[in-house]
Amino acid sequence: MKRLLAAAAVFCAVCSPFAVQADTGLKGLFQREQSTLNAVPGNRLKSLLSVSRSKRDTGKQIPFAFSKDWLDAQPAPEGGDNWKCLAEALYFEARGETVKGQFAVAEVIMNRVKSARFPDSLCGVIRQGTGKRYQCQFTYTCDGHAEVISEPKAFERVSKVARAVMDGTAGDLTKGATHYHTKAVQPRWARVYQKTAQIGVHIFYRHNFRTASNQTASSE
C-alpha cells in the first residue's frame, strides 16, 4: 500500500508541470478567442450566428413543400440584381398569396425570361414598360405609389421563394404560363390566351399561338 501511494505521489509530481502548462495553454487560447470575438462588429457577429443556426436547421433536410415551415427552415438567401428584382416583384405582387401561389407568380416571371417575346433578364421583364403609367407589365412599378417594404418577415419569405425558383427547386406549376391576373379583374387579353391554371387568387395563361395577339398584356 505504501508503495502504491509513493508511486502515485511520484506520478503527480511528474505530471503536475504538464497539467499546469496545459491549463495555461487553454487559458491563452480562450483569451485569444475572446479577443477575436470582441474585434468582430456586432452586426457581423449576429449575421454569422444566424448563418450558423440556418445551417443547423437545413441539416434537418426538411423535404420540399409549399409551406412557410419549409421557407423558414431555409438559410438566408443571397443573390445579385436579378434575384433582388424577383424578390421585390413577389413582395408587391404576391406577398398575400399562399406559398404555392408565390411560387407560381415567380414561375411566370421566369417563363417570360425564357420567351423571345420578353426581355431576357428578370429585371428586364419586371421593369418592362415602367415609367408609362398603367402601361407597365407589373402594376406596382407604375401605379404612382412609393415601393416601400413595410413587412420584413413577408419580404424574407418571398426572397427565399425567389432564390428557390431561380435554383430550380419547384416544378412546373403553371404549365408554361407567361401571364396572370387576379380573380377580381377580367382583362381583354385573357379572352385570347389559353388558361393553364388557377392557384390561390391568380389565374394563369400562356399565349395561344393560333390567335397570337399584339395587344399589350399587362399582369394585374
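This report describes helices, disulfides, a sheet and aromatic pairs in one predicted model.

## Basis of the description

The model is predicted, and local features need pLDDT of at least 70, side-chain atom pairs count only at pLDDT 80 or more, and totals for chains, interfaces and linings use all residues. Residues are numbered from 1 along each chain as its sequence is written, and side-chain values use heavy atoms, with hydrogens and water left out.

Helices (H or I, at least four residues) and strands (E, at least two) are DSSP runs, numbered from the N terminus.

## Helix H4

Helix H4 covers residues 81-94 and has 14 residues. From its first C-alpha to its last, H4 reaches 19 Å, close to the 20 Å expected at 1.5 Å a residue; the expected span is 1.5 Å times one less than the number of residues.

The buried residues of H4 are Trp83, Cys85, Leu86, Ala87, Ala89, Leu90, Tyr91, Glu93 and Ala94. Here buried means under 20% relative accessible area, exposed over 50%, and partly exposed in between, with a 1.4 Å probe and protein chains only. The cover over these buried residues includes helix H5 (99-114), helix H6 (122-126), helix H7 (152-166), strand S1 (179-182) and strand S3 (202-206). Contact means heavy atoms within 4.5 Å.

## Helix H7

Helix H7 has 15 residues. Its reach from first C-alpha to last is 21 Å, close to the 21 Å expected at 1.5 Å a residue. Among the buried residues of H7 are Ala154, Arg157, Val158 and Val161. The buried residues of H7 pack against helix H3 (68-72), H4 and H5. After H7 comes glycine 168, with a positive phi near 75°.

In general, an α-helix has 3.6 residues a turn, so residues three or four places apart point the same way.

## Two disulfides

A disulfide is a pair of cysteine sulfur atoms within 2.5 Å. A search of the whole structure finds two disulfides. In one of them, cysteine 85 is joined to cysteine 123, with the sulfur atoms 2.1 Å apart. The angle about the S-S bond is 100°, and this link of cysteine 85 and cysteine 123 is right-handed. Because cysteine 85 lies in helix H4 and cysteine 123 in helix H6, the pair ties together parts that are 38 residues apart in sequence. Both cysteine 85 and cysteine 123 are buried.

Cysteine 136 and cysteine 142 are also joined by a disulfide, at 1.8 Å from S to S. With -60° about the S-S bond, the link of cysteine 136 and cysteine 142 is left-handed. Cysteine 136 is buried at a relative accessible area of 3%, and cysteine 142 counts as buried at 7% relative accessibility. When the bonded cysteines of the chain are numbered in sequence order, the pairing is 1-2, 3-4.

## The sheet

Three strands form an open sheet in the order S1-S3-S2, with antiparallel pairing. S1 and strand S2 (194-199) stand at the edges, each with a single partner strand, so one side of each is left without a neighbour in the sheet. The twist averages 25° from one strand to the next, where axes are lines fitted to C-alpha atoms, for helices over the stretch in contact, and angles run from 0 to 180 degrees between N-to-C directions.

Two strands pair if DSSP finds at least two bridges between them. S2 and S3 run antiparallel and are joined by five bridges. Lysine 195 has tyrosine 205 in S3 as its bridge partner, and glutamine 198 stands opposite isoleucine 203 in S3. The hairpin of S2 and S3 has two residues between the strands, and in this hairpin glycine 200 takes a positive phi near 60°.

## Aromatic pairs

Rings of Phe, Tyr and Trp (its six-membered ring) pair if their centres lie within 6.5 Å; planes under 30 degrees apart count as stacked, over 60 as edge-to-face and the rest as tilted. The structure holds 11 aromatic pairs. The ring centres of phenylalanine 66 and phenylalanine 103 are 5.2 Å apart and their planes stand at 75°, so the pair is edge-to-face. Phenylalanine 66 lies in the loop between helix H2 (42-58) and H3, and phenylalanine 103 lies in helix H5, so the pair ties together parts that are 37 residues apart in sequence. Phenylalanine 66 is partly exposed at 30% relative accessibility, whereas phenylalanine 103 is buried with a relative accessible area of 1%.

Phenylalanine 138 and tyrosine 180 form a tilted pair, 6.4 Å centre to centre with 45° between the planes. Phe64, Phe66, Trp70 and Phe103 form one aromatic cluster.
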